[in-house]
Every structure is written in C-alpha cells, then in structure tokens.
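Me: Hi, I'm new to this one. Can you walk me through it?

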Amino acid sequence: MTHPPATRPESRPTRPFGLASASLKSLKNRLDEDPGASVAPVSGRRRFIRPFAISAWIPREDAPLPLWMIFPVIFAALYLTHLSLLRLPYYWDEAGYYIPAAWDFFRTGSLVPISTMSNAHPPLPSIYLALWWHLGGFQPAVTRESILIVASIGLLAVWRLAMRLNPSPLVAFWTLLLTALYPVWFAQSTLAHADIFAAAATLWGLVYALPDESRKPDCPAPRSLLPAAIWFSIAVLAKETSIITPLTLAAFELTAGFRKAKQIRRRSYRLAASYSICLLPLTAWYAYHYSKTGFFFGNPEFLRYNATATLEPMRIIAAFGHRLLHLFAHMNMFVPVLCTAAAMVLDPVKNEASETPARVSFPAQARIYAVLLANAVAFSILGGALLTRYLLPMYPLVLLVAVSTFHRRVRYWQLLTVFSAAAFVVALFINPPYGFAPEDNLTYAHVIRLHQQAIRQLTSRYPGSTVLTAWPVSDELTRPELGYVKTPFDVDRIEDFTAPQIERAAQNPGGYSSALVFSTKEEPSALPFHLHSPASEEQYFGLHHDLSPMTIARQLDGDIVWQNVDELQWVAVLRFRRAVEARRDE
C-alpha cells in the first residue's frame, strides 16, 4: 500500500538505512542538517539512525567546540604550569584538617575525622581524595594531580557559563584564561582545600541556573532545573557555605516572581524550590554528624571562632570592607575592574552592519550581582579568618562581566584582556603592599620550602629533640603523613612568636631543647593609609607581630644555629644550652 502523493513524506528517505533502495546521498544530506534525524517508520516500527562514523564526533565548523575536547587542553595547561608544585608537602589548612580528615577516611572508612577535631565540613573531598589514593598511592603528587582535575572541571564550567551568557568564543576563552591566571585560583588549583571542590560545583550549578538569551528568566527550561539542583547539592556536600549561592538565587526568584502573572509566579516558585533542594543533603549530613559527635556544626571552639565570635556589628562592617577589597582589588583584580569602569563610559562598538556585540543579559547580570553581594555579606559574618578562597567561585563572575564589557564597548578590547592577564601573572610572584595569606599566590610554595629546609636541619642536627614551635609546623613535625618527616618529633607548642607567647615559653625552659621559629604573619612595610586601624585588625582579625629570631634566642637563652629569609618570610632553628635533652614523655 502506497501513500497518496499529498501525504508521502518527501523530506526523509522511505526505507531504513542500509537497504539498496535508500538514497545514501539524501540520507547524508539529512544527517548533516540534523544528526539526530530518524527515518520513516517501516511496518509499524520506528528505527533511528545512530551516528557511527568518525565524522560524527568532529564538530561542524560553525559549532562550538564540545566540552570533551576542551577539558584535556585545560588539564594539560594546568598540569604544565603547576608542574613544580605537584610534589610539595601539605600546607596550612591542608595539614591542619583536610588531609588528616581524608587520611582517616582512607584508613578507617570514617566520614567523621578521628585524628583531628571535626569541623563538620561535609565529606565529599575526603571521599574523592581517598579514591585517588587507592588508585595512585598516598603521596602529595597524587593528591595535587587529583585537585588539578577538579580545578579543570571548574574552568570548564567557566567556559560553558561564558558561552551561555555571551555567545562569543573569544569572550569565553579570555574569561577562562583570566580565571586560570588569577593568583587565588591558580594557587588553589593544587591545594587540597574544600573550596576548589565547592567552586567547581557551584559554577556548574550557575551554568544551568543563570538565564541566557535562549532561556528567558520567565520561561525556564524544565530540564535545566535538575542539573542545577544536582550541582548545587554536590557543592554543599563539598563545603557547607556553598549553600549561600543557591539560596540567594532562590530568594531572587521568589522576589522577582512575586508581582508577576500567576503562571510566571509558579515558574519562579519551581525555580526557587529546585535551588533549595540542596538543603536536603546538607541537613542529612549534619544529622549524621550530630549522631556521631553530639555536635551539629563542629566542635564548640570551631563554631565560636567562625560563627558566634564574629557577630559584632563593627567587626562585620570592617570585614565587609575587606571582602569588597578581596572581590574587586586583591591580587591586581583592580586592573580589569577599573578597565571595566572606564569602558562603561564608552558607547558600544558597531561592526560594518551596524550591529553591536552581544552582552550578558540584564536578568543574568542581576542574578550575578545578587550572588556577589550575598557572598560578600555572608563571609563578612561567617569565618574567623578572612580567607579569599572562600570567594573562589565569585572571581570568574567578576571576570566574565569585565571581559564581556570589554568586548562590547572597546574596539581593541583584547589588549585590555592581555593587560589584565599580565597583571595577574605579576601578582603571582610579586606580593601586594599589605598583609595577605600566603595561599593567595605562590608565596605559599616559598613558605613550604622554607619549612622543609628548617625541618631538614632539625632532622640532621637534633634528631629526637623536643622542639618549641607553633602551628602549622607543630603538625608538620608530628604527622609523617604530611610529608615533612619520617619519624615524628616531640613538640612543645605555643600559639605564635609574639612577646607574650615567648615569655610563657621562657617560664618552662626544661620543656624543650630546640626551637623552630618562623614568621606566622606577612608584615609588609607600613602604608600611608589603612583600610582599618591596627587596633581593629588586632581585635577582630588576629593581627599580631612576631618577634625576630635574634630576640627570641636572647629571651630564651639560646643560639641561632640556622636561619633563612625569603622576601617577607623567615625561619630559624634555635638550640638551647641544657644540661639534659628535654623529652615530652619525662
């Protein structure tokens, strides 16, 4: 039985692929137009053409590069640029919490740390690191390579987000490159902190949450709700403070849809509900943690330092000033930010057809600004230490808006991106003229190498001695799994090397026979202006001044047997005149 001429499908072949009666040329043309096209049903059965040729995996010239082709390039670039950092032992919060927590899970399967106090951080980083240690062995290089994979996934999200919000591949390329070169992101790309996990997952959540030109905010695509919910759930299982971004988006959608038509309001409620789903896994984790420890939010000292002791109004205001500095000026971020401000006074450029380049849509921009503000405010309230890595997923958003503005308003806009990239490279190696955390650029690698040199001196000269020192060296000397020693030392720990702490150590001279002293704070030259007074910095943010090695040796009646200085970082080994060797077990 044949079809009447008016109903015969003429745009598709009428026989399955592979039969002699099918027109191969017609089929090829059809697949070129729509690779997912199906052939007409035969005998009541629908058959689908599945691309199987190599050409099916090669993108069309006018199509964007697929993510599976971009990811290896990103990872290879990160690997080569971080090659000299991959074998460094663990540092700071890596050594203080994240590596011990993952080490405990690797050895015992416990999601709650055993060898260190639990901070109630979710367990996803520990699970991930333990998996790689099972595959490649427990060593720093394996850890840092696995973190590079996470950083690459985060940069892939930056590319995808930029392509969704601004269809120019050049804008996506420069946003990705500037993010990768920004010193805070560059340094965190090999450090085993939860923040890089949270940043990667949060950025992927934003890929599906922020509206683009093909998905207006009032008409969300239903299929995009589930990926956003999944990625935000992964983010909160990496670090609990990741909840700030999805809850901000949920509040934004509820507010935006409040006065809209009923149908649009329902869609806004659906969006808000999908963004809030990540509360469920986080609540489940806290319930599990409470069942194991009796604490919901970590040990009481951790909760006091990071939440309850930070609620003074003046401290919040001071911290908010720091957070604005961190977002828009720190580590030469002021270069693209000021260039963006200057570009905004220019009219958009036009091509020969009088067309202006695309920009990030106003609905997407509004959500980006809301997320930036919410994170700046939240981390002015939460967190005893003003660490910039808490804001890690925010930096790509700042850079995306900047690059998109350059592209739209400056004719030779790529010169501004090159200038910004050069500023970031400089900031990797040259420190700012104010105090900062060594993990904000490559200074952390200098600190690690200084500690390694000093510990080698201790190991060769005074093995078995009891060492007076402060954290994190106290952990580096007592935990061989951190990569500094093979045989642990006994330590007499003090908080820092300020005058009160050294005076306290002088009252117990028999408790130690050697000392490893080091700079615990960056102390650059005084600036002619200050964001806040030194008194407020000391009161709210732990600013203190370490004594010099010579002063410490004089007050403790010891001798400096070795010391080294690397820019603003210093370290020294002291030996004391004791009749007997001090030991902690005596």
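This is a predicted model: local features need pLDDT of at least 70, side-chain atom pairs count only at pLDDT 80 or more; totals for chains, interfaces and linings use all residues.

Me: OK, how many salt bridges are found in the whole structure?

Reply: Nine. A salt bridge here is a side-chain nitrogen of Lys or Arg within 4 Å of a carboxyl oxygen of Asp or Glu.

Me: Which residue does R389 pair with?

Reply: R389 pairs with D195, and their closest N and O atoms are 2.7 Å apart. The two come from distant parts of the chain, 194 residues apart: R389 is in the loop between α16 (362–381) and α17 (395–409), and D195 is in helix α8 (residues 194–209). Helices (H or I, at least four residues) and strands (E, at least two) are DSSP runs, numbered from the N terminus.

Me: Is R389 buried or exposed?

Reply: R389 counts as buried, at 1% relative accessibility. D195 is buried as well, at 4%. Buried means under 20% relative accessible area, exposed over 50%, and partly exposed in between (1.4 Å probe, protein chains only).

Me: And what about R479 and E481?

Reply: Their side chains form a salt bridge too, at 2.9 Å from N to O, and both residues are buried. Elsewhere, salt bridges with shared partners join D93, D195, K239, R389 and E439 into one network.

Me: Switching topic: where is S514?

Reply: S514 sits in strand β3 (residues 514–518) and is buried, at 0% relative accessibility. Its side chain makes a polar contact with the side chain of S465, at 3.0 Å. A polar contact is a pair of N or O atoms within 3.5 Å; within protein, one must be able to donate a hydrogen and the other to accept it, and residues adjacent in sequence count only if both atoms are side-chain atoms.

Me: Now the backbone. Which peptide bond is cis?

Reply: The one from W471 to P472, with omega near 10 degrees. P472 is in the loop between β1 (466–470) and α20 (473–478).

Me: What is the phi of W92?

Reply: About 55 degrees, a positive value although W92 is not a glycine. Most residues other than glycine have a negative phi. W92 lies in the loop between α2 (67–81) and α3 (93–108).

Terms used: Residues are numbered from 1 along each chain as its sequence is written. Side-chain values use heavy atoms; hydrogens and water are left out.
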